[in-house]
Amino acid sequence: MDYLTGLALALPIGVGLAGMGCGIGLGNGVRGAMEAIGRQPEADGKIRLTMIIGAAFIEALTIYALVTVFLFMGKVGH
């Protein structure tokens, strides 16, 4: 097996793992925010804003993984 075949096999696995990891992280973050809002409802605005910013960073990591896969797929085709 040459390195291009290995790359072609590793790319979908890598983006799948990145998606799963980001999904787990996003779920944990939202769960923590919802628990915090339940304990302290008067801080709802601050907690929600912090959660949305954190979720945006997590989603950005997923998008970076997807862009990286598309970039490397160009190498597999040649």
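Author: Start with a term. A nonpolar core is a set of buried Ala, Val, Leu, Ile, Met, Phe, Trp, Tyr and Cys residues joined through side-chain atoms within 4.5 Å. Keep in mind that this is a predicted model.

Reader: OK. Which residues make up the largest nonpolar core here?

Author: Five residues do: A33, A36, I37, A43 and I47. Helix α1 gives the most to this core, with three residues.

Reader: Now helix α2. How many residues does α2 have, and how far does it reach?

Author: Helix α2 covers residues 44–76, which is 33 residues. From first C-alpha to last, α2 reaches 48 Å. That is close to the 48 Å expected at 1.5 Å a residue.

Reader: Which residues of α2 are buried?

Author: I47, A55 and V69. I47 is also one of the residues in the largest nonpolar core.

Reader: And what covers the buried residues of α2?

Author: The cover includes α1, residues 3–39.

Reader: So how do the axes of α1 and α2 cross?

Author: Two packed helices are described by the angle between their axes and the distance between the axes. Here the axes of α1 and α2 come within 10 Å and cross at roughly 175°. Angles over 145 degrees count as roughly antiparallel, so α1 is roughly antiparallel to α2.

Reader: What classes of residue are in the contact of α1 with α2?

Author: There are 24 nonpolar, three polar and three charged residues in that contact.

Reader: Switching to glycines. Where is G32?

Author: G32 sits in helix α1. G32 has 30% relative accessibility, so it counts as partly exposed.

Reader: What about G38, is it buried or exposed?

Author: G38 counts as exposed, because its relative accessibility is 58% and the cut-off for exposed is over 50%. G38 is in helix α1 too. The C-alpha atoms of G38 and F70 are separated by 41 Å, with the residues 32 apart along the chain.

Reader: Last one. What does A65 touch?

Author: A65 is in helix α2. Leaving out residues up to four places away in sequence, A65 touches V15 and A18. A65 and G29 are 36 residues apart in sequence and 20 Å apart in space, C-alpha to C-alpha.

Note on methods:
Residues numbered from 1 in each chain as written. Predicted model: local features only at pLDDT ≥ 70, side-chain atom pairs only at ≥ 80, totals over all residues. Heavy atoms only, no water. Helix = DSSP H or I, 4+ residues; strand = E, 2+ residues; numbered from the N terminus. Expected span 1.5 Å × (residues − 1). Buried < 20%, exposed > 50% of the residue type's maximum accessible area, 1.4 Å probe, protein only. Contact = heavy atoms within 4.5 Å. Axes fitted to C-alpha atoms, helices over the stretch in contact; angles between N-to-C directions. Parallel < 35°, antiparallel > 145°, perpendicular 65-115°, else oblique. Nonpolar A, V, L, I, M, F, W, Y, C, P; charged D, E, K, R; others polar.
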